[in-house]
Amino acid sequence: MERDGEGTVSSQTQRVNNGRSISPGRVRTGSDPFLVTCRLFSFVTALAAILCIVVNVYSAVRSFTHEYDVFDGIFRCYAVVIAVIVVVAETEWGFFIKFWKVLEFSAGRGMLQIFVAVMTRAYPEDYGQRNDLILLRNIASYFLLTCGAIYIISGLLCFGFIKRARQAKEISREQAINDLQELERRREELEALLIQERA
């Protein structure tokens with residue numbers, strides 16, 4: 001009976017190109033749509049923050065070179081630094097998040113993004129008649145402001161907890177798959193050794 005059972009199990013396994021046997025239950029499932037949506041939104045938010053960086057860098061250079069207002073240039077430099085923090089936070093770099101725990105939560109990220117958007121929108125009179133720069137500034141600031149508002153709303157709806165729970169589940173599943181693949185590799189090595197000893 002045991003041999004019959006083993007034969008059934010072996011008949012259910014599938015061979016892949018590298019010669020290792022992997023059972024159908026171990027085939028990697030598709031990505032979580034919720035996590036894919038979150039990653040896409042993080043990418044969009046990072047783009048909005050980068051756009052704010054471009055606007056503030058140009059404004060800072062313009063303030064320093066043309067001597068419009070040194071204090072406005074310093075203000076823009078601070079806006080650039082904070083916008084860079086927003087971009088890094090969207091990468092969810094573990095080393096960074098470890099020291100900025102508040103950015104692990106959606107509401108914390110949203111408030112920081114709104115702060116950068118307000119800083120980008122500030123001092124509209126300093127742009128003079130540069131309609132193209134004013135348009136770019138408005139697009140960048142309102143774009144990031146919208147992302148920040150969405151983050152705050154999602155934080156109030158506890159989307160952040162759902163995201164972290166699904167991320168932990170995905171990591172656990174990937175780790176289990178890796179462990180099973182390692183066991184399969186060792187099993188095949190043992191089988192090869194037994195064949196060599198019998199020969």
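Below are my entries, in the order I looked things up.

**Ground rules.** I'm working on a predicted model, so I keep its cut-offs at hand: local features need pLDDT of at least 70, side-chain atom pairs count only at pLDDT 80 or more, and totals for chains, interfaces and linings use all residues. Numbering runs from 1 along each chain as its sequence is written, and side-chain values use heavy atoms, with hydrogens and water left out.

**Helix 6.** I started with helix 6, residues 131–156. Helices here are DSSP runs of H or I with at least four residues, strands are E runs of at least two, and both are numbered from the N terminus. Helix 6 has 26 residues and spans 37 Å from first to last C-alpha, close to the expected 38 Å (1.5 Å times one less than its number of residues). I then listed its buried residues, which include L133, R137, L144, C147 and Y151. Buried is under 20% relative accessible area, exposed is over 50%, and partly exposed is in between, with a 1.4 Å probe and protein chains only. After the helix comes C158, with a positive phi near 65 degrees.

**Cores.** Which residues have the most contacts inside the largest nonpolar core? They are A49, C52, I53, V116 and L144, in a core of 16 residues. By nonpolar core I mean buried Ala, Val, Leu, Ile, Met, Phe, Trp, Tyr and Cys residues joined through side-chain atoms within 4.5 Å. Helix 2 (33–65), helix 3 (70–91), helix 5 (106–121) and helix 6 each put in at least two residues. Helix 3 gives the most, with six. Another core lies apart from this one; it has five residues, among them I85, A89, F96 and L103. I also checked I53: leaving aside neighbours within four places in sequence, it is in contact (heavy atoms within 4.5 Å) with V80, A83, V84 and V87.

**Rings.** I found three aromatic pairs. Rings of Phe, Tyr and Trp (its six-membered ring) pair if their centres lie within 6.5 Å; planes under 30 degrees apart are stacked, over 60 edge-to-face, and the rest tilted. F41 and Y151 are tilted, at 5.2 Å centre to centre and 50 degrees between planes. F41 sits in helix 2 and Y151 in helix 6, so this pair ties together parts 110 residues apart in sequence. F41 is partly exposed at 22%, while Y151 is buried at 6%.

F95 and F99 have ring centres 5.2 Å apart and planes at 70 degrees, so I log them as edge-to-face. They are four residues apart in helix 4 (residues 94–99), about one helical turn. F95 is partly exposed at 48% and F99 exposed at 55%.

**Record check.** The unreviewed UniProt entry places "transmembrane region" at 40–61, 73–96 and 139–162; such annotations may be inferred rather than shown by experiment, feature names are shortened, and positions follow the numbering used here. Residues 73–96 are 92% helix and 0% strand, with end C-alpha atoms 27 Å apart. For 139–162 I get 92% helix, 0% strand and 31 Å.

**Cysteines.** C147 is buried at 3%, whereas C77 is partly exposed at 36%.
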